[in-house]
Amino acid sequence: MFDVALLFIIAFSGGIIAIIGLFVILARRISEPKKALQQRIGNLEVEVWKLKNQK
């Protein structure tokens, strides 16, 4: 009886870890393009600032 309960607990915890991992992967894929876009905007702002200050 104890062996079956232990296997169930291990399987249940493994399922929870897999679900959490899936959500982490999805969150990274969603936020990754935003980070790249923010970096491009930052680079453009620096370039505009440099062009304005060259005069």
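**Entry 1: the model.** I am working from a predicted model, so I keep in mind that local features are taken up only at a pLDDT of at least 70.

**Entry 2: the helix.** I looked up H1 and found that it runs over residues 2-52. It has 51 residues. From the first C-alpha to the last I get 74 Å, close to the 75 Å expected at 1.5 Å a residue.

**Entry 3: the bend.** Where does H1 bend? I find a bend of about 30° at Ser31. A proline follows within four residues, and that one is Pro33.

**Entry 4: the patch.** Next I checked the surface for nonpolar side chains. Phe8, Ile9, Phe12, Ile16, Ile20 and Val24 make a nonpolar patch of about 610 Å².

Entry 5: I went looking for aromatic pairs, and the structure holds one. Phe8 and Phe12 form that pair, with 6.2 Å centre to centre and 20° between the planes. I log the pair as stacked, since planes under 30 degrees apart count that way. Why are Phe8 and Phe12 separated by about one helical turn? Because they sit four residues apart in helix H1.

**Entry 6: cover on the rings.** I noted accessibility for both. Phe8 counts as exposed because it comes out at 58%. Phe12 is at 52%, so it counts as exposed too.

Definitions and conventions:
Residues numbered from 1 in each chain as written. Predicted model: local features only at pLDDT ≥ 70, side-chain atom pairs only at ≥ 80, totals over all residues. Heavy atoms only, no water. Patch = residues over 30% accessible without salt bridge, like charges linked within 9 Å, V, L, I, M, F, W, Y side chains within 5 Å. Areas by Shrake-Rupley, 256 points an atom, 1.4 Å probe, with all protein chains shown as cover. Salt bridge = Lys/Arg side-chain N within 4 Å of Asp/Glu carboxyl O. Helix = DSSP H or I, 4+ residues; strand = E, 2+ residues; numbered from the N terminus. Expected span 1.5 Å × (residues − 1). Bend = angle between axes of the 7 residues up to and from the residue. Phe/Tyr/Trp six-rings, centres within 6.5 Å; stacked < 30°, edge-to-face > 60°. Buried < 20%, exposed > 50% of the residue type's maximum accessible area, 1.4 Å probe, protein only.
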